[in-house]
Amino acid sequence: MLKPLRWPRVWLGLWWLAIAVTITVCLIPPPPLDLPQNSDKVEHFLAYFLLAGSAVQIYRTRAALLWAGVGLVGLGIGIEFLQGALTDNRMADPMDALANSIGVIAGMAIALTPLRNLLLHLRG
């Protein structure tokens, strides 16, 4: 299921840590930043692109990548529901969930490029 990396469990643990950090950051009060309207969509896209692209580096089989992708899309949608249900300082935004999902698709598309084994080539 995992690629033959030098430290596969370490990389997998770091990936799960990144997921935990993403969940935490999405549910704590947002920092008081004055950003342009809808600029957070880029942040959502990039976060989920990096999570999905990292999964491509770690998981070897198509089935594992499919489950990782489905799980990340579900996470992105679920976090939006949780923001609306559990927080007073955040709101559920379907466009955020869409940006998350597009990020996952773009990150998973790395599996179709020569970059799919970048971590293997770096002797990770």
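Let me begin with Ala97, which counts as buried because its relative accessibility is 12%; buried here means under 20% relative accessible area, exposed means over 50%, and partly exposed lies in between, with a 1.4 Å probe and protein chains only. The model is a predicted one, in which local features need pLDDT of at least 70 and side-chain atom pairs count only at pLDDT 80 or more, while totals for chains, interfaces and linings use all residues. Residues are numbered from 1 along each chain as its sequence is written, and side-chain values use heavy atoms, with hydrogens and water left out.

Ala97 belongs to helix 4. Helices are DSSP runs of H or I with at least four residues, strands are runs of E with at least two, and both are numbered from the N terminus. Setting aside neighbours within four places in sequence, Ala97 is in contact with Gly76, Ile77 and Glu80, where contact means heavy atoms within 4.5 Å.

I turn now to the charged side chains. In general, side chains of opposite charge can pair when their charged atoms come close. How many salt bridges does the structure hold? There are three salt bridges in the structure, each defined as a side-chain nitrogen of Lys or Arg within 4 Å of a carboxyl oxygen of Asp or Glu.

Asp40 pairs with Lys41, and the closest N and O atoms are 3.1 Å apart. Asp40 is partly exposed because its relative accessibility is 23%, whereas Lys41 is buried, at 16%.

Lys41 also forms a salt bridge with Asp93, at 2.9 Å from N to O. This pair links distant parts of the chain: Asp93 sits in the loop between helix 3 and helix 4 (94–108), Lys41 sits in helix 2, and the two are 52 residues apart. Both Asp93 and Lys41 are buried.

Asp96 forms a salt bridge with Lys41 as well, with 2.7 Å between the closest N and O atoms. Here too distant parts of the chain are linked, since Asp96 lies in helix 4 and Lys41 in helix 2, 55 residues apart. Asp96 counts as buried, with 5% relative accessibility. Through shared partners, the salt bridges join Asp40, Lys41, Asp93 and Asp96 into one network.

Let us move to the empty space. Rolling a probe the size of a water molecule over the atoms shows where empty space is left. The largest pocket holds about 750 Å³ of space. A pocket is found on a 1 Å grid over the protein atoms alone, as an open set of points with protein on both sides within 12 Å along at least five of seven lines; a 1.4 Å probe is used, and lining residues have an atom within 4 Å of a point. The volume is the space filled by probe spheres set on the points, which are joined across faces, edges and corners.

Which residues are closest to the centre of the largest pocket? Of the 24 lining residues, they are Pro30, Asp40, Glu43, His44 and Arg90. Helix 1 and helix 2 (40–58) are the elements that give two or more residues to this lining. Helix 2 contributes the most, with six residues.

Helix 2 also contains Val56. Is Val56 buried or exposed? Val56 counts as buried because its relative accessibility is 2%. Beyond residues up to four places away in sequence, Val56 touches Lys3, Leu65, Gly107, Met108, Ile110, Ala111 and Arg116. The C-alpha atoms of Val56 and Leu2, 54 residues apart along the chain, stand 9.8 Å from each other.

In helix 3 (residues 62–86) we find Gln83, which is buried, at 3% relative accessible area. Gln83 touches Cys26, Leu27, Arg90, Met91 and Ala92, again not counting residues up to four places away in sequence. Gly71 is likewise placed in helix 3, but is partly exposed, at 39%.

Finally, the surface. Trp7, Val10, Leu14, Leu17, Val21 and Val25 make a nonpolar surface patch of about 560 Å². Patches are made of residues with over 30% relative accessible area and no salt bridge, with like charges joined within 9 Å and nonpolar side chains (Val, Leu, Ile, Met, Phe, Trp, Tyr) within 5 Å. Accessible areas come from the Shrake-Rupley method with a 1.4 Å probe, and for residues only the protein chains shown count as cover. Val21 lies in helix 1 (residues 8–27) and is partly exposed, with a relative accessible area of 44%.
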